[in-house]
Structures are given as structure tokens and as C-alpha cells.
Amino acid sequence: MVRLGTGDRIMIVFIYTFLILLGFSTFYPFWNGLVISFNQGTDTSMGGITFWPREFTFENYAVVFKDERLMRGFVISVLRTIAGTIGAILCTAIFAYGMSKADLIGKKYYMIMCIITMYFGGGLIPTFFLIRGLGLVNTFWVYIIPGLISVWNMIIFRTFFRGLPAGLEESAKMDGCGNWGTFFRIVIPLSGPVIATLSLFTAIAHWNDWFAPSIYVSNENLLPIQTILRQILDSNIVSEQTANLDSFAQSKLNAMKSVTSRSLTMATMMVATIPIICVYPFVQKYFVKGVLVGSLKE
Amino acid sequence: MAQVSLENEHLPKSKEKPLIKRFFQQIDIQLMVLPALAFIFVFNYIPMYGVIMAFQEYDIFKGYFDSPWVGLKQFELFFQDPAFFNVMRNTLVISLLKFCIGFPAPIILALMLNEVNRMFFKRVIQTVSYLPHFLSWVIVAGFVISLLSTESGSVNILLESLNLIDEPINFLSIPEYFWGILITTNVWKEIGFGSIVYLAAIAGIDPHLYEAASMDGASRFRQIYLITLPCIMPVVSIFMILAIGNLLNAGFEDILLLAKNPIIRPVSDVIDTFVYRVGLQDYRYSYGAAVGLFKSIIGVILLTIANTVARRSGNSLW
């Protein structure tokens with residue numbers, strides 16, 4: 001190890017201090033949110049809740065899990081994430097496999113058609129009228145269909161497919177496999193890493209989407225949890241949320257008068273965040289890879 | 001492998017067949033591509049055509065074909081709109097602030113992480129700082145609102161315990177604080193994730209360069225300045241072009257969620273939120289579409305300029 005000069009030592013101390021502060025400032029909002037969600041609402045409003053709950057309680061979560069609207073939103077979110085991801089990855093991969101063929105007629109024009117969409121778009125209002133015109137408003141399909149093809153992901157897939165050893169496909173063709181057969185039996189099984197990475201990003205985009213539902217869906221029963229959460233953050237009226245409870249839950253709630261809108265919001269936020277935090281450690285290696293695949297493309 | 005493809009006889013022969021015949025010979029591949037292209041046509045090109053409503057007084061019952069044409073009236077309306085000055089200023093200021101602070105921040109973080117020798121510490125910081133990128137803006141805004149809350153918000157608790165303030169401050173309804181809060185939140189969300197690319201670029205630098213430099217007595221700081229930074233410059237410039245092309249995207253979801261209080265609208269309203277408000281909340285569809293079109297035209301111009309500059313320096317996107 002080379003001996004460090006004074007200037008370097010100051011720099012190292014500064015770097016460690018800065019990184020510790022950064023780590024803390026990232027971690028703290030989660031922790032504080034968790035603490036508030038487990039603290040009695042009336043007690044929280046008296047102030048001073050930081051690192052540890054003062055009056056520990058499960059009441060906030062009890063209300064959240066009793067709220068049918070929130071639970072339905074959670075199920076909708078899970079369903080759209082699964083269906084949307086599988087659909088988008090499958091459709092985009094098929095598209096990319098076709099585009100990866102060197103002898104595809106019209107390849108150049110098809111590619112130009114794709115690239116243009118990456119730089120120009122109709123914008124919010126014309127897209128809104130398209131979705132409306134297609135009759136997708138207020139259906140579950142509005143979550144799935146508009147995201148089926150992603151030009152960006154197609155290009156990443158295509159780059160990956162081109163890197164696959166040509167011999168494997170050739171030998172599959174010799175054995176009488178058509179292009180579709182080759183795709184499903186040879187190419188897909190070989191594409192594990194890229195599929196995992198792109199699925200991860202697609203799934204997260206689906207889980208986090210709150211804006212599209214807020215403009216395309218007015219049917220309360222179809223809203224995903226993020227959009228409901230947004231409404232809660234906007235209204236911040238506890239009675240509005242409790243009004244959705246059935247009578248049994250209402251009577252239970254009367255026994256827990258301590259729940260406030262703040263504590264309830266926090267508990268809801270935790271319910272919407274925890275799925276991501278749970279899968280996060282397992283997928284970290286994939287998204288690091290994914291970012292690099294995406295940037296290599298340029 | 002080249003031999004195998006040569007033996008595949010139909011390939012060289014098919015060149016002489018007419019286009020239609022060759023097309024039907026590879027119909028299975030075409031069927032993989034054409035449905036997706038039809039999809040792209042519907043979902044990307046029809047809205048582009050729909051932009052013509054910016055030159056109409058769009059009537060929801062008449063559609064694109066029967067709505068009356070009004071020429072550039074919607075654009076004139078926007079330029080004369082009392083909100084025009086604020087919207088343009090906020091868009092420019094917020095996006096410039098995001099660019100000037102949000103763009104170098106991940107680079108600096110990557111340089112700092114690279115100086116850390118304790119692998120466990122480095123991994124923990126990386127893992128923690130990547131996480132906010134994966135949270136929706138709803139969640140992030142929820143955290144910000146909670147931390148800045150007057151009712152047991154941690155920032156107010158901290159400031160009070162330091163005796164810096166006597167009364168809790170309602171930060172999100174004071175216009176002066178909004179840009180700061182917005183930029184901080186954005187940096188907080190993206191700094192870790194943005195650093196991944198630069199860390200990878202740094203990892204690709206030849207370690208001999210550092211050995212030689214330290215032999216010559218260069219300090220760690222000088223090594224960063226003279227070796228690391230120049231070596232990652234190509235990556236930095238590519239990302240800078242992308243960032244410049246995005247300059248007019250001052251943000252949408254973050255502003256929509258954080259600027260709940262109408263009091264701060266004079267500093268929070270940007271083109272995208274303006275389009276949303278007039279177009280989808282006030283139902284002035286053509287007006288919204290015109291403002292959106294105005295923005296995409298400037299965006300394309302910016303991207304072209306950025307790319308021209310980059311091409312001269314040898315780092316082109318196209």
C-alpha cells in the first residue's frame with residue numbers, strides 16, 4: 001500500500017463522511033416511514049417520531065388490510081405486473097428475433113420506422129384520444145396492450161440475439177426446425193440473462209405506473225395500488241378511506257380511534273413499497289447488467 | 001459456420017427471384033415483424049397524425065376530420081397566455097438545474113466510490129443508493145411530504161432541536177423552497193443508479209496507468225483528475241448528449257406530485273404539467289396538443305444541435 005499524503009488523507013476522510021451521509025439520507029426516509037406506520041397515529045401527531053416508535057401498534061396495518069379498495073388495488077397491481085411483463089417480453093422478443101435476421105426483407109425501412117418513434121411522439125393529448133378511440137378506457141387491457149412493444153427493448157434483444165452462435169440455429173434448421181421453432185426451442189432458452197434483465201425493468205415500470213391509470217381509468221375497482229395511493233396522498237382525509245370499509249371493519253375501527261390519515265398513508269406506502277424491497281436484493285446483479293447492456297447499445 | 005450457410009442452397013439462388021416471391025419465402029420471419037410494426041404504427045404514428053388537432057378547434061364529437069381548422073391560433077393563444085412566461089421560465093430553470101446538478105452528481109459519486117477500498121462498505125453504499133430509482137414517484141413524493149410535514153416531520157424536528165427555527169415550516173407551500181426540494185429529491189432518487197454506468201467505465205481503465213502515475217509520485221487526487229476523468233470522458237459525453245436532448249423534459253410526475261399546493265404553481269408549472277392541466281383537466285384539447293407540439297419541436301432542435309456538436313468532437317449518437 002502506497003503511503004498517503006496529507007491532501008489524500010483529507011480527501012479519503014471527506015469521501016467516507018460523504019458516503020456515510022448519503023447512505024444515511026437514503027435509508028432514513030424508509031426507516032422513518034416504517035416507524036410512523038407502526039406508531040399510533042394520534043401519538044405521531046404530537047411530534048418527535050424519528051428512529052423508533054413510541055406507541056407501537058399494528059392498528060394502521062389492520063385498517064389497510066381491511067380496506068377492500070386497497071387490497072383490490074394490490075391484486076390489480078400484481079396481475080398487471082405479471083400479465084404486462086410476460087406479454088411485453090414475449091411480443092418484443094419475437095419482434096426482435098425477426099429483426100435480427102440478416103436476410104429480412106425491408107429490414108432497413110422497418111428499423112427507420114422504429115427509430116423515429118424514439119425521437120418523435122404525438123404527445124399526451126393525441127395519445128389520450130387514441131386510447132379512447134380504441135375503446136381501451138376503463139378496461140384492464142389499457143394496462144397491458146400499450147406497453148406490448150418497446151423499441152428500446154427490441155434493440156437490446158436484437159443485439160443479444162445477433163451475438164448468439166449462428167451454428168446452433170443452423171443445426172436446429174437442419175433438424176427441421178422452422179424460424180418459430182428455433183426461436184422458442186433454441187433462442188429463448190439461451191436468452192436467460194437478457195430476458196431476466198428486461199423483465200425486471202418492465203415489471204418495475206408496471207408496478208410503479210400510476211399516471212396512466214389516473215387518466216384512462218375512472219372505475220375504482222380497476223385502479224392499481226399506486227394510483228390509489230396517489231389519491232390518498234392528495235386527499236389526506238381519513239374519513240374518505242374509512243368510508244370504504246364494511247360495517248364490521250367500521251365497528252372495529254371505532255375501537256381504534258388513534259388511526260390518523262398520516263399513519264394510514266404511511267402504512268399504505270409501506271405495503272406498496274415492500275414488494276420492491278423484497279425482490280430488490282435478489283435482482284441487483286441483473287439490473288447492473290441491464291444498465292450496461294442498455295448503454296453498450298449506444 | 002460460413003460453410004454451413006453456403007450449403008444452405010436457397011440463399012444465393014433466392015437473390016434472383018422477384019421480391020414478392022422472396023418475401024413469401026420468408027413469410028414466417030415477416031410474420032414475426034409485421035404485427036409488431038402494425039402495433040407501432042397504431043400506437044406511435046397515429047398519435048403523431050393526431051397532432052393536427054393542434055391546428056384545429058378539436059371537437060370530441062366531430063373528430064379529426066370535421067373539426068374546424070384554426071391555423072396557428074392555439075400557438076398564439078399560448079404565447080399570449082398569462083402563464084406563458086412562468087411556464088417557460090420554470091421549464092428552463094428546472095431543467096437547467098436538473099442538468100447542472102443531476103448530471104455531474106452520479107459522476108462524482110462514482111469517482112468517490114472508486115476511492116473506497118473497503119469492499120463491504122462500498123457494496124452497502126451502492127446497494128442502498130440504487131434503491132430509490134426503483135420506487136415510483138408516488139412513493140418518493142410520499143416520503144418527501146412525510147419528512148417535510150409540519151406534524152412530526154423529521155426535517156422540522158431536526159431544525160427545531162438545533163434551535164434554528166421556532167415553528168415548524170410548511171416547506172411544500174413556500175415557493176422559494178420548491179426548486180431546491182425538487183432538485184434534491186431528483187438527485188436523491190437517481191444519483192446511485194446513474195453512477196452504475198460510470199463505475200463500469202472506471203472499472204475498464206487499465207490499472208497500469210495508476211501504477212505508473214503513483215510511481216511518478218502523483219497523489220490520489222491528481223490521479224482522479226489526470227487519469228480517471230479523461231478515461232471516462234467518452235461515456236460522459238454520450239450521456240451528456242442524451243441529457244441535452246432531454247433538456248425540455250423538466251419533469252412531470254415529480255412536479256405533479258410534489259406541487260400539490262396551488263400557491264406554488266407560479267414556480268412549479270412546467271410545459272408538461274401545463275399540457276396536462278389545460279388539456280385533460282380543463283378539456284382544452286387542441287390547446288394542450290399545441291403546447292405539447294411546441295415542446296417536441298424545440299426538443300428535436302435541441303437534440304440535433306447537441307448531436308452536431310458531439311459529431312464535431314467525434315462522439316455522435318447517429
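**Briefing: salt bridges, interface and surface patch**

Over all chains, the count is eight salt bridges (a side-chain nitrogen of Lys or Arg within 4 Å of a carboxyl oxygen of Asp or Glu). The model is predicted: local features need pLDDT of at least 70 and side-chain atom pairs count only at pLDDT 80 or more, while totals for chains, interfaces and linings use all residues. Residues are numbered from 1 along each chain as its sequence is written, chains are lettered from A and ligands numbered from 1 in the order in which they are written, and side-chain values use heavy atoms, with hydrogens and water left out.

**Salt bridges**

- B:Lys98 and B:Asp254 form a salt bridge through their side chains, at 2.8 Å from N to O.
- This pair links distant parts of the chain, 156 residues apart: B:Lys98 is in helix H7 (residues 84-102) of chain B and B:Asp254 in helix H15 (residues 253-258) of chain B; helices are DSSP runs of H or I, at least four residues, numbered from the N terminus.
- Between chain B and chain A, the count of salt bridges is zero.

**Interface of chain B and chain A**

- Chain B gives 95 residues to the contact and chain A gives 97 residues, where contact means heavy atoms within 4.5 Å.
- The two chains bury about 8500 Å² between them, 76% of it on carbon and sulfur atoms; buried area is the accessible area (1.4 Å probe) lost on being put together, summed over both parts.
- On the side of chain B, B:Met32, B:Met112 and B:Phe134 lose the most area to chain A, together 9% of what that side buries.
- Helix H4 (residues 27-50) of chain B supplies the largest share of the side that touches chain A, 20 residues.

**Nonpolar surface patch**

- A:Leu90, A:Trp180, A:Phe184, B:Ile20, B:Phe24, B:Ile27 and B:Leu31 make a nonpolar surface patch of about 660 Å²; patch residues have over 30% relative accessible area (Shrake-Rupley method, 1.4 Å probe, only the protein chains shown counting as cover) and no salt bridge, with nonpolar side chains (Val, Leu, Ile, Met, Phe, Trp, Tyr) joined within 5 Å.
- B:Ile27 lies in helix H4 of chain B.

How values were computed: Helix = DSSP H or I, 4+ residues; strand = E, 2+ residues; numbered from the N terminus. Patch = residues over 30% accessible without salt bridge, like charges linked within 9 Å, V, L, I, M, F, W, Y side chains within 5 Å.
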